[in-house]
Amino acid sequence: MKILITGTAGFIGSNLLRVILKDTPHSVVSVDALTYAGNRASIADLMDHPRHRFVHADICDAARMRALFEKEQPDAVMHLAAESHVDRSIDGPGAFVQTNIVGTFNLLQAARAVYESYEGAQKEGFRFLHVSTDEVFGSLGMGDPGFTETTPYNPHSPYSASKAASDHLVRAWADTFELPVLLTNCSNNYGPYQFPEKLIPVVILKCLRGEPIPVYGKGENVRDWLYVDDHARALLCVLEKGQKGQSYNIGGNNERSNIEWVRSICALLDELAPAQNGSHADKISFVTDRPGHDLRYAIDASKIRRELGWQPSENADSGLRKTVSWYLENRPWWENILSGDYRLERIGVGR
Ligand code: NAD
Ligand code: DAU
């Protein structure tokens, strides 16, 4: 297959691209606008891969997307490009409406145009996989069962509302225009190449720099953590084996309160990169809570396990150790982000 993937210079997209080029014979046209969250360094080793072509483009540019789809004639689409950080969506929701809703609309229209021109096996095999989040389902109480594929949508943040809107568009394009879509709703990912605005890299880098570790509220909020390569393999599994029109929840059955997870990272760093005095956990600092902070997310992933045979390979201990080790071994990657130098690499970007 030739797969068109959006958002490949971001956290999950870069890991997904690496998994696909390593483990499958598929070729990839990857599309990324290189926003603040996109980083060429995250896929530098893949830029010259014979089965990969990187296109620097914005999914909000409808004409560009239409022309790209016409030129590339992809067999499948995996749509990951998004504004993804909840705190930023509170400070500036406009970009979330543009990229997550309007950008998804542009891709659906571009995909629809080529799909309608396809015939035979190419038409039969075409799939548009929309990568969404568990946050569209809202917030759970502590004793509630996990989200299933039929849990009603109830988003609370501008980010989750914009992702929910994009999910509705995708389903509408399936029902109205018969576009063969697949949807996934995944829980919190962690692993290499995650931008240091999200909890896990924030904590690791604060520890390494000896700075206060910000924990929102009382640290009681619960997330269901999944190692990023397990998400990437789940997406491939859905693309290759999922039933047209279906959605699949993806999660690691690995719920942790924030404070518990933060203490685990501190303990691991006490072993791998000890603080000069005391424990890294001494730097934990409870700060003002996020407005509208969802209490708990938890995924019931029984459908994808049962129907498609997917299961995660990493557990919390192995995944966290790999992640912390990666940040210790890849200082230039995050130092360039913290200094802002990584953005200079956009200058002179090829097409
Ligand atoms: P990220 O912020 O790390 O990366 C997003 C990428 O999209 C960046 O490379 C950025 O440059 C690109 N992008 C943003 N706007 C664009 C535009 N207008 N045109 C083209 N490219 C653009 O995000 P992530 O954490 O890798 O998330 C990827 C996808 O997975 C998102 O759709 C997100 O909603 C979803 N998701 C994320 C998680 C998670 O825990 N990170 C969990 C479930 C679902
Ligand atoms: O559930 C899937 C979602 O997970 C994805 O759709 C989002 O793209 C992704 O960003 C993530 O959203 P969260 O808001 O859960 O992730 P974040 O890393 O921002 O925060 C995780 C938890 O940690 C959350 O309860 C807020 C808290 N937190 C976060 C940061 C950045 C802190 O306590 N301190 C922090 O500094």
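These notebook entries record what I looked up around the two ligands of this predicted model.

**Conventions.** I number residues from 1 along each chain as its sequence is written, and ligands from 1 in the order in which they are written. Local features need pLDDT of at least 70, side-chain atom pairs count only at pLDDT 80 or more, and totals for linings use all residues, while side-chain values use heavy atoms, without hydrogens and water.

**Ligand 1.** I looked up the shell (residues with a heavy atom within 4 Å) and found 29 residues, the closest being Asp-32, Asp-58, Ser-84, Tyr-159 and Lys-163. I then listed polar contacts (pairs of N or O atoms within 3.5 Å). The side chain of Asp-58 places an N or O atom 2.8 Å from a nitrogen atom of ligand 1. An oxygen atom of ligand 1 lies 2.7 Å from a polar side-chain atom of Ser-84. The protein buries 96% of the 840 Å² that ligand 1 exposes when taken alone (Shrake-Rupley method, 1.4 Å probe). Strand 5 gives the most to this shell, three residues (strands are DSSP E runs of at least two residues).

**Ligand 2.** I found 23 residues around ligand 2, with Thr-133, Asp-134, Tyr-159, Arg-290 and His-293 nearest. Oxygen atoms of ligand 2 have polar side-chain atoms of Asp-134 at 2.5 Å and of Glu-135 at 2.8 Å. The side chain of Asn-258 has an N or O atom 2.8 Å from an oxygen atom of ligand 2. Of the 690 Å² of accessible area that ligand 2 has on its own, the protein covers 93%. I note that strand 8 supplies the largest share of the shell, three residues.

Note on methods:
A polar contact is a pair of N or O atoms within 3.5 Å; within protein, one must be able to donate a hydrogen and the other to accept it, and residues adjacent in sequence count only if both atoms are side-chain atoms. Helices (H or I, at least four residues) and strands (E, at least two) are DSSP runs, numbered from the N terminus.
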